[in-house]
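My notes follow the order in which I looked.

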Amino acid sequence: MTVREFLLHLLLLCQIVSTSYRGDKVYRLSLSTEVDVKDILSFITETRDYLDYWQTELHVGGHVDVRLSRQQDELLSSHHLRNISHTVQIEDVQKLLNKVSHYGRGRTKRSTSDDEADYSYTRFNNPAATHREMYRLAAQYPNLTRLVGVGSTHQGRPLLVMEIVGLKKERNCPMVWVDGGLHAREWITVAATMLFIKKLLEGYGTDPYITDMLDSTKFAIQPLANPDGYAYSWNSERLWRKNRSPTSVAWCKGVDLNRNFDINFGGQGASDFSCSEIYNGPNAFSEHESKGIARYLSSVRHKLLGYFSLHSYGQMWLTPLSYTRKKVTDRTEHLDVAHIATRKIKEATGQKYSYGPATALMYVTSGDSSDWVYSELNCSHTYGIELGDMGRYGFLLPPSHIRPTSNVILSGVLAAVEVIAAGPDNLTTPRRQRKYKRRKWRN
Ligand SMILES: [Zn+2]
C-alpha cells in the first residue's frame with residue numbers, strides 16, 4: 001500500500017465512522033473558460049477516489065457539483081480551483097435530508113427493516129416493498145405482464161425485470177429496455193420508473209396511444225437494477241452509489257455498476273481503487289447485476305429496438321458514446337431522436353431537458369451499460385437519461401417529484417420509441433431521412 005493509498009483509507013474510514021452529513025455542503029464550481037475545464041479535470045483526477053462528485057458537466061458553460069465536509073472545503077483554495085468561481089448549492093446536506101420527507105406523507109421516520117407496509121406511489125419505498133409491488137402488478141395484469149428473474153444479488157435479493165406487451169402483439173415484436181436505480185442513491189429513478197410501469201398497465205385499453213404502443217412494442221423494465229445498494233442507501237447511508245459486493249479492502253464495499261460493463265473496461269472515468277465511488281470491479285461483468293442485464297439483453301438482441309438507462313440528475317438526454325469522443329456514424333439520428341423526445345417532454349411536463357453526446361454534455365466514462373449495448377449488441381439507439389432536478393435538491397428530491405418525473409419518462413421514452421420504430425418518416429429533415437438506416441430487428 002502506498003502512502004497515498006494509506007491516507008485515502010484513513011480518510012475513508014473517518015467518513016464511514018461518521019454517517020451523518022451534518023455540515024457537508026454541495027458546492028457548484030462554474031466553468032467559464034477552457035482553462036477552467038482543464039484545471040477542474042486535473043483536480044478531479046487527483047481527488048475522484050475520495051471526494052463525492054454529484055454532477056459533472058465538463059465543458060465551458062458547464063459546472064461540477066461536489067459535496068465537501070467542513071474539513072474538506074479548504075480544497076476550494078487549492079491551486080487547481082483558485083480561479084474557478086463557486087457557489088453553495090446545498091448549505092447543509094444533513095439538514096436538507098431531515099427537512100425533505102423522503103418517505104412521503106405522514107412518514108417522518110424510515111423503517112430499518114426490509115419488511116414494510118404497502119407500496120405507495122406518492123413516496124419512496126424500500127426494496128422489498130418495491131419488489132412486492134412488482135409481483136402485485138404482475139398478478140393484477142397477468143395478460144399484459146411477465147416477471148423475469150435475471151439473477152440475484154450478492155445479498156440474495158432478486159433482480160426482477162417486468163416485461164409488458166399488449167394483447168395484439170405480433171410474434172417477435174421489437175423490444176425496448178428501460179432500467180432505473182443502477183446507482184443506489186438516485187432514488188427518483190426507481191420510484192418514477194415504478195409509476196411509469198403502472199401508467200403503461202393502466203393505459204392499456206384506456207389510452208389509445210399507450211394501447212397502440214404496447215400492441216407493437218414489448219417493454220422490458222427493470223426499475224430496481226441495484227437492490228443491495230438501494231437497501232443500503234435506504235437503511236444506512238443515503239448517498240451510497242455502488243452495489244454492496246465485497247472487495248479486496250474489507251471496509252470498502254461495492255462496485256459502480258455503470259463502470260462494470262465490458263466496454264473499454266478500466267479506461268478513463270473509472271477507478272481500480274475499491275474505495276472509490278467509481279470503482280469498476282475486479283473485471284468486466286464481475287457483478288451479478290451487470291451480468292444479469294447483459295445476459296437478458298443478449299438473448300433478445302435481434303429484437304432490441306432501444307435501450308434507455310435512467311439516472312439522476314441534471315435533466316439531460318445523453319446520446320452515445322460515453323467512452324470516446326469519436327463521432328459515431330449514426331449521431332445525426334441520435335440527435336434527431338433526442339430532439340423529438342426532449343421537445344415532447346417540454347410539451348408534456350414543461351420541464352426543459354438538454355441533449356447531446358454524453359462526452360460533450362458530461363464527461364468520458366468507461367464500462368458504461370449504454371455503450372456496451374450500443375457497441376456489443378449493435379443496438380443503434382441507446383440513451384442515458386439524467387432525470388431531475390437541476391441541482392436544487394440533487395439526489396435528495398422530495399417525493400412530490402415522483403409524479404412529474406414519471407411523466408418525463410412516459411412522454412420522452414414513448415416519443416423516442418415511436419420515432420425509432422417509425423423510421424425515416426418521423427425524422428426532421430430530408431437529408432437526415434436519407435441518412436437514416438432503419439434498424440433491422442427481425443432476424
Ligand atoms: Zn447514475
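**Helix α8**

I looked up the buried residues of α8 and found H288, E289, S290, G292, I293, A294 and L297, a residue being buried if 20 or more other C-beta atoms lie within 10 Å of its own, with C-beta atoms placed from the backbone. The model is predicted, so local features need pLDDT of at least 70 and side-chain atom pairs count only at pLDDT 80 or more, whereas totals for chains, interfaces and linings use all residues. Residues are numbered from 1 along each chain as its sequence is written. Helices (H or I, at least four residues) and strands (E, at least two) are DSSP runs, numbered from the N terminus. I noted that the buried residues of α8 pack against β5 (145-152), β6 (158-164), β7 (175-179), β9 (304-312) and α11 (369-376), contact meaning C-beta atoms within 7 Å.

**The sheet**

I traced eight strands in an open sheet of mixed pairing, ordered β5-β6-β8-β7-β9-β12-β10-β11; two strands pair if DSSP finds at least two bridges between them. β5 and β11 (354-357) stand at the edges with a single partner strand each, so one side of each is left without a neighbour in the sheet. I then checked β10 (residues 316-319), which runs antiparallel to β12 (residues 382-387) and is joined to β12 by three bridges; L318 has G384 as its bridge partner in β12.

**Helix α9**

I found that α9 packs on the sheet and touches β10 and β11, its direction making about 165 degrees with that of β10, where angles run from 0 to 180 degrees between N-to-C directions and axes are lines fitted to C-alpha atoms, for helices over the stretch in contact.

Definitions and conventions. Buried ≥ 20, exposed ≤ 12 C-beta atoms within 10 Å, placed from the backbone. Contact = placed C-beta atoms within 7 Å.
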